[in-house]
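The sequence and model follow.

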Amino acid sequence: MSQDKIDVKDVTPKTFNPKTHKGNGDRFNPSNRIYVRESKGTFQKLRRYGGWFLLLLFALVPWIPYGERQAVLLDIGNQQFNFFGTTLYPQDLTLLALLFMVAAFGLFFITTFLGRVWCGYLCPQTVWTFMYIWFEEKLEGSANKRRKQDSGKLSPNLILRKGLKHVAWLAIALATGFTFTGYFVPIGALVSDFFTFNASFWPVFWVLFFAGCTYANAGWMRSIMCIHMCPYARFQSAMFDKDTFIVGYNSQRGETRGPRSRKADPKKLGLGDCIDCDLCVQVCPTGIDIRDGLQYECINCGACIDACDKTMDRMGYEKGLISYTTEHRLSGKHTKVMRPKLLGYGSVLLVMIALFFVQVSAVDPAGLSVLRDRNQLFRVNSDGLVENTYTLKVINKTQQEQQYTLSVSGLENATWYGRQTISVEPGEVYNLPISLGADPEQLSSPVSTIQFILSDSNDFSTEVESRFIKKL
């Protein structure tokens, strides 16, 4: 076995304890609800502020205007993807492939370096889950109070508070559905049409679909999504090694566990620094005990670190019994940060980022495509010229009206039948049927290669190759 591979061990509890969330051979049974205790501290502030920033960014971007439309609009129906002053079309979607590759290698790099920090701080499932838990705490009380209430009889007051909680959850879910759908449909018209019952079927369907998913995932499923459904929890092990930074428990310092008074000397009692308060378990959103070692359910959110540091501070012990550390550091060895796998992921990530920006800079402000008339490949007109018919498609990718000039090269003394100067609106696809005529005596071959040229007043030009047929 490789020296870098992390050892696997079975930490499945044998009996269920509702206080510590350990349970019955199936710790992650959906019926065994996890009551997450509130945790405060440095890492929770970082997670909370980062989550609110991303949440506000997600909510506000569709409302940013740009000209006569919203700044970011992925208009699938018209096959136009607008990002402020840039409009992308299906032929530009190699950019999307590159963007996905950047995201993938970015995730590989971050996971190899810092473990599942994406899950703990930035994943939408985590952000929405903690937001739902916040409403739950404010309306129903602390984790212990909620556990006690749910094990007893429903009172009118509890029904009211639970009802208000679900109203708040549904309002957040509906706002999420509007926002997400608003990236694909103009959000102002979407909201207005929805509440005036003028919206068509599919926008309403997607708003309600994403609202339902948000309500179910963040309100009811929570850790089930992270443990049972998210593929990242499964394939992350391929990127972990003993130098990956994870949330870890220092068993050499913490064991043997046991309660004691603040003034007691743990060494005289034969105890380690862990007082076995179980707070690290109670604040964990996935209900694991980090003291059992590295587990794939851990999302690196740092809640157990903040809870343990507070306990250590109250007891007068050194902080860091649970910390962001590595398997090598926990075993007393040196951690190698710059290692071949991490450098490899980082190098590929930089290459992908460079290729993405090169591709972005190469996006043309206009596009031209040429379709030949296949019903009649050529004909001889009344002037004795061989005539070929084409349809030119001009795409204006800018946000301003543009004047374009069309011409042809590769065909000597060609006669152009149709318009050569056109005006195209922003985002418009302009169809221009034209014909080219040529003297058959001046054509050296049955099929000639020609280039259609599109140019504008800003010195931009692009060429598209086609064919001129004299005879079969």
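Lys162 is buried, because its relative accessible area is 17% and buried means under 20%, exposed over 50% and partly exposed in between (1.4 Å probe, protein chains only). Lys162 belongs to helix 6 (residues 156–181), where helices are DSSP runs of H or I with at least four residues and strands are runs of E with at least two, numbered from the N terminus. Its side chain makes a polar contact of 3.1 Å with the side chain of Asp150; a polar contact is a pair of N or O atoms within 3.5 Å, and within protein one must be able to donate a hydrogen and the other to accept it, while residues adjacent in sequence count only if both atoms are side-chain atoms.

The model is predicted: local features need pLDDT of at least 70, side-chain atom pairs count only at pLDDT 80 or more, and totals for chains, interfaces and linings use all residues. Residues are numbered from 1 along each chain as its sequence is written, and side-chain values use heavy atoms, with hydrogens and water left out.

The structure holds 15 salt bridges, each being a side-chain nitrogen of Lys or Arg within 4 Å of a carboxyl oxygen of Asp or Glu. Lys162 and Asp150 belong to a network of salt bridges that also links Glu136, Glu140, Arg146, Lys165 and Arg222.

| Pair | Closest N to O |
|---|---|
| Arg222 and Glu136 | 3.2 Å |

Asp241, in the loop between helix 10 (232–235) and strand 6 (246–249), is 100 residues apart from Lys341 in helix 16 (residues 340–361). Asp241 counts as buried at 5% relative accessibility, whereas Lys341 is partly exposed at 28%. Both Arg222 and Glu136 are buried. Arg467 counts as partly exposed at 34%.

On the surface, a patch of positive charge includes Arg37, Lys45, Arg262 and Lys310. Patches consist of residues with over 30% relative accessible area and no salt bridge, with like charges joined within 9 Å and nonpolar side chains (Val, Leu, Ile, Met, Phe, Trp, Tyr) within 5 Å. Helix 1 (42–60) and helix 14 (303–315) each supply at least two residues of the positive patch. Arg262 lies in the loop between helix 11 (251–254) and helix 12 (266–269) and counts as exposed at 57% relative accessibility.

Phe53, Leu54, Leu57, Trp118 and Leu122 make a nonpolar surface patch of about 460 Å², to which helix 1 gives the most, with three residues.

How values were computed: Areas by Shrake-Rupley, 256 points an atom, 1.4 Å probe, with all protein chains shown as cover. Lys, Arg positive; Asp, Glu negative; His and termini not counted. Charge placed at Lys NZ, Arg CZ, Asp CG, Glu CD.
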